[in-house]
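Subject: Structure handover

Dear colleague,

I am passing on the structure we spoke about, and my notes follow directly after it. Please read them with the coordinates open beside you.

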Amino acid sequence: MPIDFYYLLISPPCRAVMLTAEAVGVKLNMKELDIFKGEQMKPEFVALNPQHCIPTLVDGDFVIWESRPTCSYLASKYGKDDSLFPNDPRARAEVERLNYFDMGTLFHRFGEYVFPVMFRGEKEFNPDKLERLQEALGWLDGFLSGNKFAVGDNITIADHTLLATVSTIKEANVDLSKHANILAWLEKCKAEVPGYETNQKGAEDWGKFFKSRCNL
Ligand SMILES: N[C@@H](CCC(=O)N[C@@H](CS)C(=O)NCC(=O)O)C(=O)O
């Protein structure tokens, strides 16, 4: 049975799930949903996901949203082994820590910086919000120190979620030059993460949208 995937390529959380699907070799039945036209409010979609957000994945009678647990689901159910989402308690906790960090701190602070100008009529970016975003990027830079990938030497779903976020932050012209470990990790992702190019295309499309919304 096909796995339906409601998505929009410019959406970072959608791209994180697409990276995990690529890694486990699951071919998703792609169902684009244009949230800018309000397509997520159609009754048939709200019946599937009352929170009406993307990404939403439908695997048989199982419907899941929230990108990070969706990545966990795909990795646990379809991964050929546990490397993407380790069973080892410490490694798993580290993957989860980074996924929570991505959602609650890094992406959250990024949103606090860009969304007021993109969507709420603010004319200027708030320098304090940029400082808080740079602080979060500094933490990520430290977490990546000494590791090949986000957790140890192999790719995990934490790389998928963080790559979707960081590639988008980069397209918002946020200066990453002080974060050498992040820049080195991005190069490793480019070389080794399956689906990197598709994520990159989505991030660049997001960047064009961002610039058009902010008159840059
Ligand atoms: N924390 C959620 C965020 C989901 C989210 O905010 N999705 C946005 C697009 S990036 C959306 O669907 N917005 C339309 C809506 O909520 O009606 C995740 O990681 O999946």
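**The sheet**

An open sheet is formed by 4 strands, which follow the order β2-β1-β3-β4 with mixed pairing. Please bear in mind throughout that this is a predicted model. At the edges of the sheet are β2 (28-32) and β4 (62-65), each of which pairs on one side only, and from one strand to the next the twist averages 20°. Strand β1 (residues 3-7) runs parallel to β2 and is joined to β2 by 5 bridges, and within this pairing I3 has L28 in β2 as its bridge partner.

**The loop between α2 and β3**

The loop that connects α2 (43-48) with β3 (56-59) contains P55, and the peptide bond between I54 and P55 is cis, with omega at about 0°. H52 is found in the loop between α2 and β3 as well, and its phi is near 45°, a positive value in a residue other than glycine. With 18 other C-beta atoms within 10 Å, H52 is partly exposed, because a residue would need 20 or more such atoms to be buried and 12 or fewer to be exposed.

The domain assignment divides the protein chain into domain 1 (3-78) and domain 2 (89-213), and the centres of domain 1 and domain 2, taken over C-alpha atoms, are separated by 20 Å. To the contact, domain 1 gives 16 residues and domain 2 gives 21 residues. On the side of domain 1 that touches domain 2, α1 (12-24) and α3 (67-78) each supply at least two residues, and the largest share, 9 residues, comes from α1. That side of domain 1 is made up of 10 nonpolar, 3 polar and 3 charged residues.

**Two further residues**

F101 lies in helix α4 (residues 89-119). Is F101 buried or exposed? F101 counts as buried, because 21 C-beta neighbours lie inside 10 Å and the cut-off for a buried residue is 20 or more. Between F101 and S83 there are 20 Å in space, C-alpha to C-alpha, while in sequence F101 and S83 are 18 residues apart.

N173, which is found in the loop between α6 (157-171) and α7 (180-192), has a positive phi of about 60° although N173 is not a glycine. N173 is partly exposed, because 13 other C-beta atoms lie within 10 Å, and this count falls between the limit of 12 or fewer for an exposed residue and that of 20 or more for a buried one.

With kind regards

Methods
Residues are numbered from 1 along each chain as its sequence is written. This is a predicted model: local features need pLDDT of at least 70, side-chain atom pairs count only at pLDDT 80 or more; totals for chains, interfaces and linings use all residues. Domain bounds come from an automatic or database domain assignment. Two residues are in contact if their C-beta atoms, placed from the backbone, lie within 7 Å. Ala, Val, Leu, Ile, Met, Phe, Trp, Tyr, Cys and Pro count as nonpolar, Asp, Glu, Lys and Arg as charged, and the others, Gly among them, as polar. Two strands pair if DSSP finds at least two bridges between them. Axes are lines fitted to C-alpha atoms, for helices over the stretch in contact, and angles run from 0 to 180 degrees between N-to-C directions.
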